[in-house]
Structures are given as structure tokens and as C-alpha cells.
Amino acid sequence: MSFGTYARRVRDVGAPAVRRHTALRRAVSEYCPLGFHATWAYVSATALPSPDLRRDSTALLRALDILEASRAVRIAEGASFAARRRAEKAAGLRTPRGAPVTRVWRPHWPAATGTAPSRLGLVAAVADRHRAFGRLPRPDDIPVTDGLATDGLVAEGPAARLTELHGRLEACGTAYLTALGLPDEAARAELSDTVTGIRGEVRPGDAALNHRLFQWLGFADLLGYAAEVSPAR
């Protein structure tokens, strides 16, 4: 079903609360610019005060409004980019000009011009993914192949680097949350350096290690975006 169908179900005040709550979850699965879990955490936090969207119909509708407003901006951005590309191609420009388009494929919260994403929402999203990152296998539990392992065990050099980078990324997340979404320049620089280090460990092709590193980078991209759009401290 479509996003619009789920949105109508959320607004159906005559439907059971659990059905409306499920419909919102499915609407988020259709549009989740921060990833499903982080987007759910974002809209839940910004729709408060309410301890649980299942028990607060008004908060449920606020969450849907927040999601729909962002989706409308994303649709408008996509239409604008498509129109610009048609004009560029007609003029013989095969490479997109202007702002890079890579952000579309990374976590970010589309918002109206002049409107910043909710800091409370981003803190909630980062907190959710920080907990998930902490549940991922530790570096010592990750088998490394493609020339980095000896007898099936992680080679000492790569293992040390991975352990260090894992700890640094975890610490970056903790620092962002401790600062309540207002990291200072030193914290931003440490995060940037840590992410660069993790990307440097990605191997060509379908290396076994890459799957785990991409999981780390999923959290790192969200954390990097949240830090990027945070007000200057």
C-alpha cells in the first residue's frame, strides 16, 4: 500500500488505536529519510508530550504531520532537481551542477527553507541508533578475510585499528548525546577523523569485513549529519 493510504488510516479516529499506530509505523516504512528506526525515534520525540504514541491520539496525528511535512519537502526537492537536470541535459551538460546529490542517499531530514530539523528529534534518533550500534558484534568477534587474517583469526594490526575505531565512534556518539546535540568543534573534528578512518578500512569488492563496516558507517552517517546541522556551540 502507499504512504497516502497509511496516512488516511492514521487519521481515521474511528479505528482502533492499535490499527492507527500500526498504520503510522507503516507510513514511516514508506518514508524514512533517517532510516526506519531513527525516523520513528525522530517523529516520536518531536510529537511529544506523550509517553507512548499508542495512547495519545493527538500525538499520533502530530507525528504524522511532522512526517508528511518532511515528505512534501523531499518530493519538491526531487521535482526541482529533475527539472534542473532536464534543462542541463538539453544544454548538453551531462554532469549535474550545483549542490551534490549524494545527501539524498544518506540520512538527512528534509525541511522547509529556513527551518532547521528538530534538535530534540535528532538527539532521539542518534540515541536510538547509538544503542543499536552498541549491540553490534565487537571488533574481536568479526572474522576478517581477504589477506587480513591468519588461520581464520583477525590479524593483529587490523584488529587493533578496528577496535580503536569502534571505540572512537562509540565515544563520538556518547559525546553528542552528552552535549544534547550541541557538539563543539573538537567533537566534530574527532567524528570526522573517525569516519575517515573507518572508510579507510573498507576493502575492494565484497570483502567479508565490509558488511560490518557499512553497519558502522550507517550510524556514523546519521551522527555526522546530526552534528553538521547542529547550531554552533
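Of the 233 residues in the protein, 39% are buried, where buried means under 20% relative accessible area, exposed over 50%, and partly exposed in between (1.4 Å probe, protein chains only). The model is a predicted one, in which local features need pLDDT of at least 70 and side-chain atom pairs count only at pLDDT 80 or more, while totals for chains, interfaces and linings use all residues. Residues are numbered from 1 along each chain as its sequence is written, and side-chain values use heavy atoms, with hydrogens and water left out.

## Overall architecture

The protein contains 8 helices and 2 strands; helices (H or I, at least four residues) and strands (E, at least two) are DSSP runs, numbered from the N terminus. Read from the N terminus, the order of elements is α-α-α-α-α-β-β-α-α-α. Among the contacts in the protein with a separation of 6 or more, 69% join residues 24 or more positions apart, a contact being heavy atoms within 4.5 Å. The protein exposes about 12,600 Å², of which carbon and sulfur atoms supply 56%; accessible areas come from the Shrake-Rupley method with a 1.4 Å probe, and for residues only the protein chains shown count as cover.

## The nonpolar core

A nonpolar core is a set of buried Ala, Val, Leu, Ile, Met, Phe, Trp, Tyr and Cys residues joined through side-chain atoms within 4.5 Å. The largest such core has 47 residues, and those with the most contacts inside it are Leu24, Leu34, Leu53, Leu67, Leu169, Trp216 and Leu223. Two or more residues come from each of α1 (3–10), α2 (17–30), α3 (36–46), α4 (57–90), α5 (119–134), α6 (156–178), α7 (185–200) and α8 (208–228). The largest share, 11 residues, belongs to α8.

## A cavity and a pocket

Both kinds of space are found on a 1 Å grid over the protein atoms alone: a cavity is a set of points where a 1.4 Å probe fits but cannot get out, a pocket is an open set with protein on both sides within 12 Å along at least five of seven lines, and lining residues have an atom within 4 Å of a point. Grid points are joined across faces, edges and corners, and a volume is the space filled by probe spheres set on the points.

How many cavities of 30 Å³ or more does a search of the whole structure find? The search finds 1. The largest cavity has a volume of about 50 Å³, and its lining consists of Cys172, Ala175, Tyr176, Pro183, Ala187, Leu191, Leu223 and Ala227. The elements giving two or more residues to this lining are α6, α7 and α8, with the largest share, 3 residues, from α6. By class the lining has 8 nonpolar residues, no polar and no charged, where Ala, Val, Leu, Ile, Met, Phe, Trp, Tyr, Cys and Pro count as nonpolar, Asp, Glu, Lys and Arg as charged, and the others, Gly among them, as polar.

The second largest pocket has a volume of about 300 Å³. Its lining comprises 14 residues, of which Arg106, Asp221, Gly224, Tyr225 and Glu228 are the closest to the pocket centre. Both α7 and α8 supply at least two residues of this lining, and α8 gives the most, with 6 residues. The lining divides into 6 nonpolar, 2 polar and 6 charged residues.

## Individual residues

| Residue | Relative accessibility | Class |
|---|---|---|
| Asp184 | 33% | partly exposed |
| Ser230 | 10% | buried |
| Leu180 | 55% | exposed |
| Arg85 | 9% | buried |

Asp184 lies in the loop between α6 and α7, whereas Ser230 is in the segment after α8. These two residues are 46 residues apart in sequence, yet their C-alpha atoms are 9.6 Å apart in space. Not counting residues up to four places away in sequence, Ser230 touches Tyr176, Gly181, Pro183 and Arg188.

Leu180 is placed in the loop between α6 and α7. Although Leu180 is not a glycine, its phi is positive, at about 55°.

Arg85 belongs to helix α4. The C-alpha atoms of Arg85 and Thr95 are separated by 8.8 Å, and the two residues are 10 residues apart along the chain.
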